[in-house]
Amino acid sequence: MSITIAMSLDLKGLSCPLPIVKTAKAMKGLAPGQLLEVFATDPGSVPDFKAWSMATGNPLVESGQDGGVFHFVLKKKEF
Amino acid sequence: MSVSTIEKPQEVGPVPETADRMTIFAWSGELDKIWPTLILATTGAAMGKETTVFFTFWGLFPLVKNEVRITGENWMQKMLSMMNRGGDEHLKLSKMNFAGAGPAMMEHLAKEHHVASPHELMDMAKEMGVHLIPCQMTMDLLGLKREDLIDGLEEPAGATKALADAQGGMTLFI
């Protein structure tokens with residue numbers, strides 16, 4: 001089964017709070033259940049994305065790192 | 001006596017009870033204070049919180065339009081604006097200001113690290129629906145008129161409105 005990513009955001013190079021601000025904005029445009037993929041290089045984004053997911057209830061379904069690039073997959077919460 | 005086995009890490013439980021609103025009292029007007037104020041305000045909005053920034057006292061000066069130089073009616077208010085230039089592009093550092101060299105270096109570093117400037121964050125805050133409310137009493141006291149301040153602010157208000165908005169939420173005084 002393949003995972004379909006509805007939208008991908010390249011936020012490499014951006015610093016706090018821009019990765020979260022831009023992610024929140026992009027998430028607004030998604031339908032419940034759709035997946036958003038994010039690439040970032042700010043090391044602070046690792047705890048920030050986890051905290052944002054907990055605080056907003058949008059599950060962080062995947063997070064990883066490839067070299068200096070952090071990768072997150074968030075699922076828009078179902079109401 | 002039984003020996004308990006090592007427990008598995010807990011599954012993520014229910015979302016912890018969090019405040020759905022945040023109010024920041026922006027009292028300070030320096031670059032190194034208004035910057036985190038705007039970072040926290042935009043982040044609060046990104047976290048889905050109903051976010052308000054209540055600008056009072058020195059915190060009002062970053063709201064002055066960058067092209068407005070002298071504000072106030074009487075000589076004391078005019079002198080105040082001369083000594084303490086308003087606008088989010090003329091902010092001073094609370095330490096290591098070095099007659100403006102400090103903020104210039106900070107701006108350079110921010111560009112290098114792709115950190116959004118206070119001016120950009122202010123625009124973002126407006127776009128994200130952060131309520132930006134100037135304090136009426138300190139506007140009168142310091143001689144700042146509505147037309148001296150940037151667009152996109154809400155109607156000036158008083159302490160009661162600020163505290164009513166803050167009720168039950170997260171509050172910060174910066």
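Visitor: Hi! Before we start, what is a polar contact?
Guide: Hello! A polar contact is a pair of N or O atoms within 3.5 Å; within protein, one must be able to donate a hydrogen and the other to accept it. Keep in mind that what you see above is a predicted model.

Visitor: Okay, how many residue pairs are in polar contact across the interface of chain A and chain B?
Guide: The rule finds 4 such residue pairs there, both residues being at pLDDT 80 or more.

Visitor: And which elements of chain A give two or more residues to the side that touches chain B?
Guide: They are helix 1 (18–28) and helix 2 (45–56) of chain A. Helix 1 gives the most, with 5 residues.

Visitor: What kinds of residues make up that side of chain A?
Guide: They divide into 10 nonpolar, 4 polar and 1 charged.

Visitor: How many salt bridges are there between chain A and chain B?
Guide: The count is 1. A:Lys25 and B:Glu127 form a salt bridge, and their closest N and O atoms are 2.9 Å apart.

Visitor: How many residues of each chain are in contact?
Guide: On chain A there are 15, and they are in contact with 17 residues of chain B.

Visitor: What area is buried between the two chains?
Guide: About 1,300 Å², and carbon and sulfur atoms give 71% of that. On the chain A part, A:Pro17, A:Val21 and A:Met54 supply 34% of the area that chain A buries against chain B, more than any other three residues.

Visitor: New topic: rings! How many aromatic pairs are there over all chains?
Guide: By this rule the count comes to 5. Take A:Phe49 and A:Phe72: their ring centres are 4.3 Å apart and their planes are at 15°, so this pair is stacked.

Visitor: Where in chain A are those two?
Guide: A:Phe49 is in helix 2 and A:Phe72 is in strand 4 (residues 69–75), so the pair links distant parts of the chain, 23 residues apart.

Visitor: Are they buried or exposed?
Guide: A:Phe49 and A:Phe72 are both buried.

Visitor: Why is the pair of B:Phe57 and B:Trp58 edge-to-face?
Guide: Their planes are at 65°, and over 60 degrees counts as edge-to-face. The ring centres of B:Phe57 and B:Trp58 lie 5.5 Å apart.

Visitor: How exposed are B:Phe57 and B:Trp58?
Guide: B:Phe57 is partly exposed, with a relative accessible area of 28%. B:Trp58 also counts as partly exposed, at 32% relative accessibility.

Visitor: Which residues form one aromatic cluster?
Guide: B:Phe57 and B:Trp58 form one together with B:Phe61.

How values were computed
Residues are numbered from 1 along each chain as its sequence is written. Chains are lettered from A and ligands numbered from 1 in the order in which they are written. This is a predicted model: local features need pLDDT of at least 70, side-chain atom pairs count only at pLDDT 80 or more; totals for chains, interfaces and linings use all residues. Side-chain values use heavy atoms; hydrogens and water are left out. Contact means heavy atoms within 4.5 Å. Buried area is the accessible area (1.4 Å probe) that two parts lose on being put together, summed over both. A salt bridge is a side-chain nitrogen of Lys or Arg within 4 Å of a carboxyl oxygen of Asp or Glu. A polar contact is a pair of N or O atoms within 3.5 Å; within protein, one must be able to donate a hydrogen and the other to accept it, and residues adjacent in sequence count only if both atoms are side-chain atoms. Helices (H or I, at least four residues) and strands (E, at least two) are DSSP runs, numbered from the N terminus. Ala, Val, Leu, Ile, Met, Phe, Trp, Tyr, Cys and Pro count as nonpolar, Asp, Glu, Lys and Arg as charged, and the others, Gly among them, as polar. Rings of Phe, Tyr and Trp (its six-membered ring) pair if their centres lie within 6.5 Å; planes under 30 degrees apart count as stacked, over 60 as edge-to-face and the rest as tilted. Buried means under 20% relative accessible area, exposed over 50%, partly exposed in between (1.4 Å probe, protein chains only).
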